[in-house]
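Colleague: Could you take a close look at one part of this model for me, and then walk me outward from there? I would like one connected account, please.

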Amino acid sequence: MEIWRLPISASQRGKLISAGYTSLSSLSSISSSDLARELKVSESEAMNILKVASHSRGSETSNASCSIVEGAQSAWDMLHDEESLMHITTSSADLDNILGGGIHCKEVTEIGGVPGIGKTQLGIQVAVNVQIPNDFGGLGGKAIYIDTEGSFMVERAFQIAEACIEDMSEYNRFLRKDFQECKIKMLPQDILENIFYFRICSYTEQIALINYLDKFLSEHKDVKVIVVDSVTFHFRQDFDDMALRTRVLSGMALKLMNLAKRFSLAVVLLNQVTTKHTEASFQLALALGDSWSHTCTNRIVLYWNGNERYAYIDKSPSLRSASAAYSVTARGIRNSSSSCKRIKMM
Amino acid sequence: MANKLISEIPLPKSIANVFSARNVSTAKDALSLTEFELMELLDVGLTEVRSALLQISEIVAPPYQTALSLMEQRFQNEHLGGHFPTGLKGLDAALCGGIPFGVLTELVGPAGIGKTQFCLKLSLLASLPTNYGGLDGRVIYIDVESKFSSRRLLEIGLRSFPEIFQMKEMAQEMAGRILVLRPTSLAEFTQSLEQIKVSLLQNQVKMLVIDSMAALVSGEHEQGARRQQTLSWHISFIKSLAEFSRIPVVVTNQVRSRNHDDASRYCFQVQSRDGAIETPMQYDSHLVAALGIQWAHAVTTRLVLEAKSGERFIKVAKSPISPPLAFPFHITSSGISLLSDDGKEVMGPEINAIHYQGHNEIINFGMEGLH
């Protein structure tokens with residue numbers, strides 16, 4: 001790695017290069033006092049530069065398989081991680097099926113669709129379902145709901161929470177087979193208490209919040225899902241410089257991916273649609289541009305097919321392209337009730 | 001919060017000086033740049049940039065609330081938990097109390113269907129005292145097309161609430177609470193909006209009606225994408241106005257005919273020919289809501305008013321809480337009223353379709369009672 005890639009200030013870099021230090025190996029054998037004299041900087045600054053250089057060069061690790069490349073993990077080790085991956089159910093078995101069990105933790109999933117298709121509904125459902133206790137196959141975690149448009153309705157969240165608890169009681173009764181009325185001790189209010197709600201009014205606040213989440217999550221380690229509804233709204237206006245928008249968005253996506261991996265949680269980003277002119281016709285496409293479409297790990301498009309709502313896996317590193325029908329009911333997201341539902345493999 | 005000055009944030013002196021030397025004065029300036037761009041600009045190392053950004057972010061980020069405390073707050077402080085009853089029982093039941101506070105509710109429909117009538121009724125209701133189901137406050141009515149008729153307003157008042165409106169002083173008091181603005185251009189509208197935001201809370205304004213949003217924009221010369229951009233600032237502003245003042249905002253929208261530019265399929269839909277069911281609605285209605293898809297995303301509740309086989313319907317096309325229901329309605333001398341409180345559930349994207357059939361008879365029938 002060359003000097004110009006080191007995370008040091010421009011003037012320090014300039015001094016290093018003009019003093020003749022262009023590669024990391026040239027810094028490996030010099031002491032900090034010599035360097036300070038050569039560069040005409042203070043000794044503490046020189047120590048800092050050497051520390052950064054040695055850190056980038058790679059230090060000894062305890063894991064033998066990583067001694068070849070710093071920070072790498074072998075694919076065999078990763079297989080174990082992938083198999084123990086947790087999912088968050090969407091309450092629709094068909095949808096869970098094509099998703100490979102549900103919304104994946106440790107990954108960023110983007111969900112987009114036309115207005116009224118059910119994005120916010122799915123967001124609220126996921127924020128409720130993440131709280132399903134371990135005994136019922138859930139994560140027993142808390143949720144962060146970042147609302148940029150004001151579409152979060154508490155009454156709806158209450159309805160969905162109530163229905164979720166009723167379903168769990170039903171399941172419990174079925175499992176025990178003794179037909180007794182065994183109520184779950186959870187109340188819808190408890191579920192609502194575990195949803196941390198943030199209201200964002202500008203893109204600056206959105207960026208600031210995502211920066212701050214690192215600290216927040218260290219203090220609230222049981223958060224298992226972050227829902228951003230919608231990630232698009234504040235970025236569709238206010239930006240005259242599109243290149244800056246792309247840079248800011250990709251920075252944000254990277255931070256979210258980082259959070260997902262470090263804290264083992266799922267990140268769900270809800271996106272809007274726009275029209276795109278391709279091949280002499282106008283088509284619908286998710287907003288924020290082509291560069292953004294690369295940044296998310298998984299991409300699900302919600303659309304109308306006839307009279308049914310369908311979800312289509314547009315992009316995923318491990319799931320097959322497929323679509324499944326779902327419906328939005330008074331109880332939340334559920335399987336579609338039509339008899340001709342079938343999972344279409346594309 | 002976005003315009004918070006860096007000088008007001010407790011940062012270490014050295015980096016605060018560098019920020020101001022490089023003209024990065026607000027939090028927005030600092031957060032709009034990536035970490036590496038800031039490093040280049042300020043000539044400091046990564047760790048310092050990171051810690052400065054973290055401190056700025058912590059101050060600028062909004063505080064959180066649990067959904068439970070949000071609900072409790074709303075039910076304690078706000079009228080009916082944050083809903084404004086419209087007086088149309090079926091609609092109010094579907095919307096969980098009425099028109100929600102703090103977000104945009106859109107009324108879209110063809111000309112003459114009853115959007116302005118609905119707005120007049122709502123304005124009247126909002127001015128009434130709370131024991132009559134009102135919000136007991138002022139209403140700001142932005143009347144772009146000069147459709148506001150105070151005579152009609154008082155007629156509605158007289159027929160619906162005779163006990164109040166028969167007394168001249170009461171009628172004057174109620175009508176006096178409705179403030180009508182008539183901006184002649186988008187620029188004037190923008191100015192009035194900014195003034196409104198400042199005086200909202202002091203002047204006890206409890207509702208904002210904009211009739212109609214589409215007329216404001218259609219007067220401008222730009223087309224297509226440029227028009228979208230012009231509008232996006234206004235969308236953002238009106239939403240933030242609604243949000244921070246927690247009042248219901250009702251906006252009316254026009255319709256336009258669907259043209260070949262209107263996309264309705266994704267690229268993966270076009271490819272698969274087998275099994276894809278043709279949407280029947282495409283051939284049925286040739287009308288779509290004006291103002292585009294960005295606007296459609298921005299409104300929280302969309303109520304479509306249409307005329308089908310001689311009957312008028314009000315449909316809940318987009319709502320976070322209501323299923324897609326259609327209620328038949330008609331216009332009488334006492335305003336708008338539902339013919340049935342049981343809505344008919346509409347399946348699929350049909351709920352978004354706007355029909356305009358058998359309309360001519362309706363205009364003649366309805367107008368008799370009005371003059």
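Modeller: Happy to! Let's begin with helix 11 of chain B, which runs over residues 186-199. This helix has 14 residues and reaches 20 Å from its first C-alpha to its last, close to the 20 Å expected at 1.5 Å a residue. Please keep in mind throughout that the model is predicted.

Now look at which side chains are covered. In helix 11 of chain B, the buried residues are B:Leu186, B:Phe189, B:Thr190, B:Ser192, B:Leu193 and B:Ile196. Because these residues cover an arc of only 165 degrees around the axis, they sit on the same side of helix 11 of chain B.

Staying in chain B, let's visit some loops. The loop between helix 7 (115-127) and strand 5 (138-143) of chain B holds B:Gly134. B:Gly134 is buried, as its relative accessible area is 0%. Although 48 residues separate B:Gly134 from B:Thr86 in sequence, the two are 9.2 Å apart in space, C-alpha to C-alpha. B:Asp136 is also found in the loop between helix 7 and strand 5 of chain B. B:Asp136 is not a glycine, yet has a positive phi of about 55 degrees. With a relative accessible area of 34%, B:Asp136 is partly exposed.

Another positive phi, about 45 degrees, belongs to B:Ser309, again not a glycine. B:Ser309 is placed in the loop between strand 11 (301-308) and strand 12 (311-318) of chain B, and at 65% relative accessibility B:Ser309 counts as exposed.

Do check the cis peptide bonds as well. In chain B, one joins B:Asp211 and B:Ser212, with omega about 0 degrees; B:Ser212 lies in the loop between strand 7 (205-211) and helix 12 (213-218) of chain B. In chain A, a cis peptide bond joins A:Asp229 and A:Ser230, with omega about -10 degrees, and A:Ser230 is in the loop between strand 6 (223-229) and helix 10 (233-236) of chain A.

That brings us to chain A, which has twelve helices and 14 strands. Its C-alpha trace spans about 80 × 55 × 40 Å along the principal axes, and 53% of the 346 residues of chain A count as buried. A:Ile160, in helix 7 of chain A, is a buried residue, with a relative accessible area of 0%. A:Ile160 and A:Ala127 are 33 residues apart in sequence and 10.0 Å apart in space, C-alpha to C-alpha.

Helix 7 (154-176) of chain A also takes us to the largest cavity: this helix and strand 5 (195-199) of chain A each supply at least two residues of its lining. The largest cavity has a volume of about 160 Å³. Its lining has 19 residues, and the closest to its centre are A:Phe152, A:Met153, B:Arg74, B:Phe101 and B:Arg246. By class, seven of the lining residues are nonpolar, six are polar and six are charged.

Finally, step back to the domains. Chain A is assigned domain 1 (9-57) and domain 2 (86-335), with C-alpha centres 46 Å apart. Chain B is divided into domain 1 (6-60) and domain 2 (76-259 + 283-351), and their C-alpha centres lie 44 Å apart.

Methods. Residues are numbered from 1 along each chain as its sequence is written. Chains are lettered from A and ligands numbered from 1 in the order in which they are written. This is a predicted model: local features need pLDDT of at least 70, side-chain atom pairs count only at pLDDT 80 or more; totals for chains, interfaces and linings use all residues. Side-chain values use heavy atoms; hydrogens and water are left out. Domain bounds come from an automatic or database domain assignment. On a 1 Å grid over the protein atoms alone, a cavity is a set of points where a 1.4 Å probe fits but cannot get out, and a pocket is an open set with protein on both sides within 12 Å along at least five of seven lines; lining residues have an atom within 4 Å of a point. Grid points are joined across faces, edges and corners, and a volume is the space filled by probe spheres set on the points. Helices (H or I, at least four residues) and strands (E, at least two) are DSSP runs, numbered from the N terminus. Ala, Val, Leu, Ile, Met, Phe, Trp, Tyr, Cys and Pro count as nonpolar, Asp, Glu, Lys and Arg as charged, and the others, Gly among them, as polar. The expected span of a helix is 1.5 Å times one less than its number of residues. Buried means under 20% relative accessible area, exposed over 50%, partly exposed in between (1.4 Å probe, protein chains only). The arc is that of the directions from the helix axis to the C-beta atoms.
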